[in-house]
Amino acid sequence: MPTVLILNGPNLNLLGTRRPEVYGSTTLAEVEALCREEAERLGLEAVCRQSNHEGQLVDWIHEAGVEHKAGRCVGVVFNAGAYTHTSVALHDAIEGADVPVVEVHISNVHRREEFRHHSYLSPVARGIVVGFGVYGYVLAIHGLHQATRP
């Protein structure tokens, strides 16, 4: 069964408790369960990972690129958290791995602080889902699934 990698970056392990007025009350474990259920409905297996460490995220993107080239991974749903706005390394990893990535943000970053308006990932992302809460993960999974269908 093909996989879809669900990657979450720094502080997303705090979902449900960190600023619920912005990010909601759904926990990361609940987001991962939602992703697994939706992926299964589409004939995919969701592999969920979270790290607060940029290098670990880079390594996982590289691995996803290898899996994608082998036909075993449809792509990556990626909420990079604050690294979205700071990480040239993640930009370069996505570009170098040549794996489809959908950038996801729970909140509408364009309605927030100015520094959140710029993304280093958007130029190399296949698509972007912003502001639909945790349902954005489901939309991203569907987008990747549709993009890989013949």
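This is a tour of the structure above, stop by stop, with what to select at each.

The model is predicted: local features need pLDDT of at least 70, side-chain atom pairs count only at pLDDT 80 or more, and totals for chains, interfaces and linings use all residues. Residues are numbered from 1 along each chain as its sequence is written, and side-chain values use heavy atoms, with hydrogens and water left out.

**Whole chain**

Start with the cartoon. The protein has five helices and five strands, as DSSP runs numbered from the N terminus (helices: H or I, at least four residues; strands: E, at least two). Their order from the N terminus is β-α-α-β-α-β-α-β-β-α. The C-alpha trace spans about 40 × 30 × 25 Å along its principal axes.

Now colour by accessibility. Of the 150 residues, 48% are buried (buried is under 20% relative accessible area, exposed over 50%, partly exposed in between; 1.4 Å probe, protein chains only). The accessible surface is about 7,300 Å², and carbon and sulfur atoms supply 51% of that (Shrake-Rupley method, 1.4 Å probe; for residues, only the protein chains shown count as cover).

**Salt bridges**

The model holds three salt bridges, each a side-chain nitrogen of Lys or Arg within 4 Å of a carboxyl oxygen of Asp or Glu.

Select E38 and R41. Their side chains form a salt bridge at 2.9 Å, N to O. Both residues sit in helix α2 (residues 28-41), three residues apart, about one turn of the helix. E38 counts as buried because its relative accessibility is 10%, whereas R41, at 58%, counts as exposed.

Next, select R49 and E63. The closest N and O atoms of this salt bridge are 3.4 Å apart. The pair links distant parts of the chain, with R49 in strand β2 (residues 45-50) and E63 in helix α3 (residues 54-69), 14 residues apart. R49 has a relative accessible area of 27%, so R49 is partly exposed; E63 is also partly exposed, at 40%.

Then select E67 and R72, whose side chains meet in a salt bridge at 2.8 Å, N to O. E67 is partly exposed at 28% relative accessibility, and R72 is partly exposed at 44%.

**Nonpolar patch**

Finish with F132, Y135 and L139, shown as a surface. Together they make a nonpolar surface patch of about 310 Å². Patch residues have over 30% relative accessible area and no salt bridge; like charges are joined within 9 Å, and nonpolar side chains (Val, Leu, Ile, Met, Phe, Trp, Tyr) within 5 Å. L139 lies in helix α5 (residues 135-147) and counts as partly exposed, because its relative accessibility is 31%.
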